[in-house]
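Colleague: I am new to this structure. Could you take me through it, one question at a time?

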Amino acid sequence: MKIVLLGMNHRTAPIEIRERFATDHSGPLLRKLVDRPEIAEAALISTCNRVEVVITAENADVAQHVLHDLSLIHI
């Protein structure tokens with residue numbers, strides 16, 4: 001099992017990207033992640049200036065593509 005971390009803050013990503021992951025209710029985003037067969041587990045940490053998504057998966061490269069795909073759509 002591999003651990004993949006997507007982390008961003010006010011210095012590394014524009015607000016438009018951070019807002020796609022930032023939420024008071026992480027359930028819908030986490031459900032979208034764990035519903036994917038490539039993702040085993042997911043956790044979301046969201047504060048006013050940073051967002052981190054941590055997932056576990058068998059294949060880290062595929063998991064990174066899933067995170068990338070989700071960052072391109074509005075959740």
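Colleague: Which backbone nitrogen lies 3.1 Å from a polar atom of the side chain of Asn59?

Modeller: Bear in mind that this is a predicted model. Asn59 sits in the loop between β3 and α3. A polar atom of its side chain lies 3.1 Å from a backbone nitrogen, that of Val62.

Colleague: Is Asn59 buried, partly exposed or exposed?

Modeller: Its relative accessible area is 39%. Buried means under 20%, and exposed means over 50%. The value for Asn59 falls in between, so the residue is partly exposed.

Colleague: How far is Asn59 from Ile3 in space, C-alpha to C-alpha?

Modeller: In sequence, 56 residues separate Asn59 and Ile3. In space, their C-alpha atoms are apart by 9.2 Å.

Colleague: Now the strands. How many bridges join β1 to β3?

Modeller: β1 and β3 run antiparallel. The number of bridges joining β1 to β3 is 8.

Colleague: And which residue in β3 is the bridge partner of Glu41?

Modeller: Strand β2 covers residues 41–46 and runs antiparallel to β3, with 6 bridges joining them. These two strands form a hairpin, with 3 residues between them. In β3, Glu41 has as its bridge partner Thr56.

Colleague: Which residues touch the most other members of the largest nonpolar core?

Modeller: That core has 17 residues. The elements giving two or more residues to the core are β1 (2–9), α2 (27–34), β3 (50–57) and α3 (60–72). In soluble globular proteins, nonpolar side chains tend to be buried together. Touching the most other members here are Leu33, Val53 and Ile55.

Colleague: Leaving aside neighbours within four places in sequence, which residues is Leu33 in contact with?

Modeller: Sequence neighbours within four places are set aside here. What remains for Leu33 is contact with Ile39, Ala42, Val53, Ile55, Val66, Leu67 and Leu70.

Colleague: Is Arg18 buried or exposed?

Modeller: Arg18 belongs to helix α1, residues 15–21. Beyond neighbours within four places in sequence, its contacts include Met8, His10 and Val51. Its relative accessibility is 9%, and the limit for buried is under 20%, so Arg18 counts as buried.

Colleague: What about Pro37, buried or exposed?

Modeller: Pro37 is in the loop between α2 and β2. Its C-alpha is 9.9 Å in space from that of Ala63, with the two residues 26 apart in sequence. Its relative accessibility is 79%, and exposed means over 50%, so Pro37 counts as exposed.

Terms used. Residues numbered from 1 in each chain as written. Predicted model: local features only at pLDDT ≥ 70, side-chain atom pairs only at ≥ 80, totals over all residues. Heavy atoms only, no water. Core = buried A, V, L, I, M, F, W, Y, C linked by side-chain atoms within 4.5 Å. Buried < 20%, exposed > 50% of the residue type's maximum accessible area, 1.4 Å probe, protein only. Helix = DSSP H or I, 4+ residues; strand = E, 2+ residues; numbered from the N terminus. Contact = heavy atoms within 4.5 Å. Polar contact = N/O pair within 3.5 Å; in protein donor to acceptor, adjacent residues only side chain to side chain. Pairing = 2+ DSSP bridges.
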